[in-house]
Amino acid sequence: MNTLLSLLDLSRLIVDTGLFVLIWMVQLIIYPGFSFYEVSDLVKWHQQYTPRITYIVAPLMLLQVTLVFIQLFQIRSFYTMVSTIVVILLWGITFFYFVPNHGKIANNQATLQMIHQMIAINWIRTVLWTFLFLCSLVHFYRTFY
């Protein structure tokens, strides 16, 4: 197999694994933890949390979208097309729903109902990133074993 394609597949599996672990931490620990803060304390914590998590999330998401599009243009397959669609959905959900809600938290407009809604809607991202991880794992296994 082409060494470049092998490196792309391995890189993709590593990045998808990172986002898989991260989203489950967000879903099970970080977002539920928001509900234990009073709104004023949540704002203070959020000011610390957001830049720190961005150092982890942003590079992983940027790497993932880059790798997915490189793979799509290298080999058009069911795997690459589905991956592209799922990543586009994830970016849409993230930037049209979660970024504005994090803005509300930062602007002291959070409510307990909003936090619970974020947890509920984040299940969509959790399922999608889990699906991408499993697809990458299966693709990598089938390609190399």
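Trainee: Let's start with R125, then: which side chain does R125 join in a polar contact?
Mentor: The model here is a predicted one, and in it the side chain of R125 is joined to that of N122 by a polar contact of 2.7 Å. R125 itself has its place in helix α4, which covers residues 112-144.
Trainee: What else does R125 touch, leaving out residues up to four places away in sequence?
Mentor: With those left out, R125 touches I23, Y31, L90, I93, T94 and F98.
Trainee: Changing topic, how many salt bridges are there?
Mentor: The count comes to two. In one of them R12 pairs with D16, their closest N and O atoms being 2.6 Å apart, and both residues lie in helix α1 (residues 3-34), four residues apart, which is about one turn of the helix.
Trainee: Are R12 and D16 buried or exposed?
Mentor: R12 is buried, and D16 is buried as well.
Trainee: Then which residue forms a salt bridge with K44?
Mentor: K44 forms a salt bridge with D41, where the closest N and O atoms are 4.0 Å apart. The two are separated by about one helical turn because they stand three residues apart in helix α2 (residues 39-74).
Trainee: Is K44 buried or exposed?
Mentor: K44 is exposed, its relative accessible area being 53%, while D41 is partly exposed, with a relative accessible area of 36%.

Conventions
Residues are numbered from 1 along each chain as its sequence is written. This is a predicted model: local features need pLDDT of at least 70, side-chain atom pairs count only at pLDDT 80 or more; totals for chains, interfaces and linings use all residues. Side-chain values use heavy atoms; hydrogens and water are left out. A salt bridge is a side-chain nitrogen of Lys or Arg within 4 Å of a carboxyl oxygen of Asp or Glu. Buried means under 20% relative accessible area, exposed over 50%, partly exposed in between (1.4 Å probe, protein chains only). A polar contact is a pair of N or O atoms within 3.5 Å; within protein, one must be able to donate a hydrogen and the other to accept it, and residues adjacent in sequence count only if both atoms are side-chain atoms. Contact means heavy atoms within 4.5 Å.
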